[in-house]
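Subject: Structure handover and notes

Hello,

Below is the structure I said I would pass on. My notes on it come after.

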Amino acid sequence: MQVLRHVLWIGGPPGTGKTAVATRIARRHGLRWYGADTRTWEHRDRALGAGNAAARRWEAMTPRERWERSTPAQMLELSLHAARGPMVLDDLRALPDSPLVVAEGSTLPAQAVSSGIAHRSRAVWLLPTDDFQRALLDARGTAPGPTALYRLLAERIAGEASEHGAPTLLVDGSLDLEATVAAVEERFAAALAEGPRAETRAQRRALLREANEAIVAQVRGYHARPWAEGDAESVVREFLCECGSTACQASVHVPVAAVMAGAVLAPGRR
């Protein structure tokens, strides 16, 4: 068993603000961000290569069939929630051990805590109340099919966190984003003090470029599927400002093609 001491773990279902919390901590402290969602298509290809029946069924369906003709329980199986946990661990093992990694995603396996792969002082699972998750998903314009899956995932992930003794933080809307970030930073205080962290602006800029390229890979991976429609390069997504300042929390909405054409910088940043 390899203990991943260079990883800070932020688990939880969709609709908790994990990505916002993780990227703020990564940018503020000069850490590497790993978002499990950015590896979705790599993981699905691995599952297909391994002959995973649920992965094959999912690829054979149209998007409408997946979301409108499947029950939430069937959607959970098709999501590969359990199968992707070991793949996440493989990804994290392959990352450099400097600087620290802030890993977040609904597929982070809580079993990493009970097995000792993740240290309890370096892990927290954000668990939303029903009202908070519903409100956040509604604000994002999440369609009914994914919403049903994400609510079921909230129940499943809460159960997994309890079963494996993962530290948790209830997300109910009583704390705003910055206060939630502060609460998570407090949990990770010793690890953040120990480091290692990126010390120079150039190092931080490289980490931000890596994070944005991971988002680009996610978009391109989706549009490479035979059933996908549209042009990946014209897709507009939210990307992190790459100025490298630890005080900068700006994001920029630009097309994928613009990201690959040069540094992503918020207005006034350089």
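Predicted model: local features only at pLDDT ≥ 70, side-chain atom pairs only at ≥ 80, totals over all residues.

Residues are numbered from 1 along each chain as its sequence is written, and side-chain values use heavy atoms, with hydrogens and water left out.

Sheet and strands

Helices (H or I, at least four residues) and strands (E, at least two) are DSSP runs, numbered from the N terminus. Two strands count as paired if DSSP finds at least two bridges between them. Five strands form an open sheet in the order S2-S3-S1-S4-S5, with parallel pairing. At its edges are strand S2 (32-35) and strand S5 (168-171), each of which pairs on one side only. On average, neighbouring strands of this sheet are turned by 20° against each other, direction ignored; the axes are lines fitted to C-alpha atoms, for helices over the stretch in contact, and angles run from 0 to 180 degrees between N-to-C directions. Between S2 and strand S3 (residues 101-105) there are four bridges in the parallel sense, and tyrosine 34 has alanine 103 in S3 as its bridge partner.

Elsewhere, strand S6 (residues 236-240) and S7 run antiparallel and are joined by five bridges. Glutamate 238 stands opposite histidine 253 in S7. Strand S7 (residues 251-255) has Val252 and Val254 on a covered face, and Ser251, His253 and Pro255 on an uncovered one. In a regular strand the side chains alternate between the two faces of the sheet.

Most residues other than glycine have a negative phi, and most peptide bonds are trans. The bond from serine 98 to proline 99 is cis, with omega near 0°; proline 99 lies in the loop between helix H6 (81-94) and S3. The bond from glycine 195 to proline 196 is also cis, with omega near 5°, and proline 196 is in the loop between helix H11 (189-194) and helix H12 (201-223).

Leucine 80 is not a glycine, yet has a positive phi of about 65°. Leucine 80 sits in the loop between helix H5 (72-78) and H6 and is buried, with a relative accessible area of 3%. Buried means under 20% relative accessible area, exposed over 50%, and partly exposed in between (1.4 Å probe, protein chains only).

Helix H2

In helix H2 (residues 40-49) the buried residues are Thr40, Trp41, His43, Arg44 and Ala47. Seen down the axis of H2, these fall within an arc of 155°, so they line one face of the helix; the arc is that of the directions from the helix axis to the C-beta atoms. They pack against S2, helix H3 (53-60), H5, H6 and H12, where contact means heavy atoms within 4.5 Å. Just after H2, glycine 51 has a positive phi of about 80°.

Threonine 107 and valine 88

Threonine 107 is in the loop between S3 and helix H7 (111-114) and counts as buried at 5% relative accessibility. Leaving aside neighbours within four places in sequence, threonine 107 is in contact with Ala36, His81, Arg84, Gly85 and Val88.

Valine 88 belongs to helix H6 and is buried, at 0% relative accessibility. Not counting residues up to four places away in sequence, valine 88 touches Tyr34, Ala36, His43, Thr107, Leu108 and Pro109.

Cavities and pockets

Both terms refer to a 1 Å grid over the protein atoms alone: a cavity is a set of points where a 1.4 Å probe fits but cannot get out, a pocket is an open set with protein on both sides within 12 Å along at least five of seven lines, and lining residues have an atom within 4 Å of a point. Grid points are joined across faces, edges and corners, and a volume is the space filled by probe spheres set on the points.

There are two cavities of 30 Å³ or more. The largest cavity holds about 110 Å³ of space. It is lined by 14 residues, of which Ala26, Arg27, Leu31, Leu207 and Leu208 are the closest to its centre. H12 gives the most to this lining, with four residues.

The second largest pocket holds about 180 Å³. Of its 13 lining residues, Ala82, Pro109, Ala110, Gln111 and Glu160 are the closest to its centre. H6 provides the largest share of that lining, five residues.

Regards
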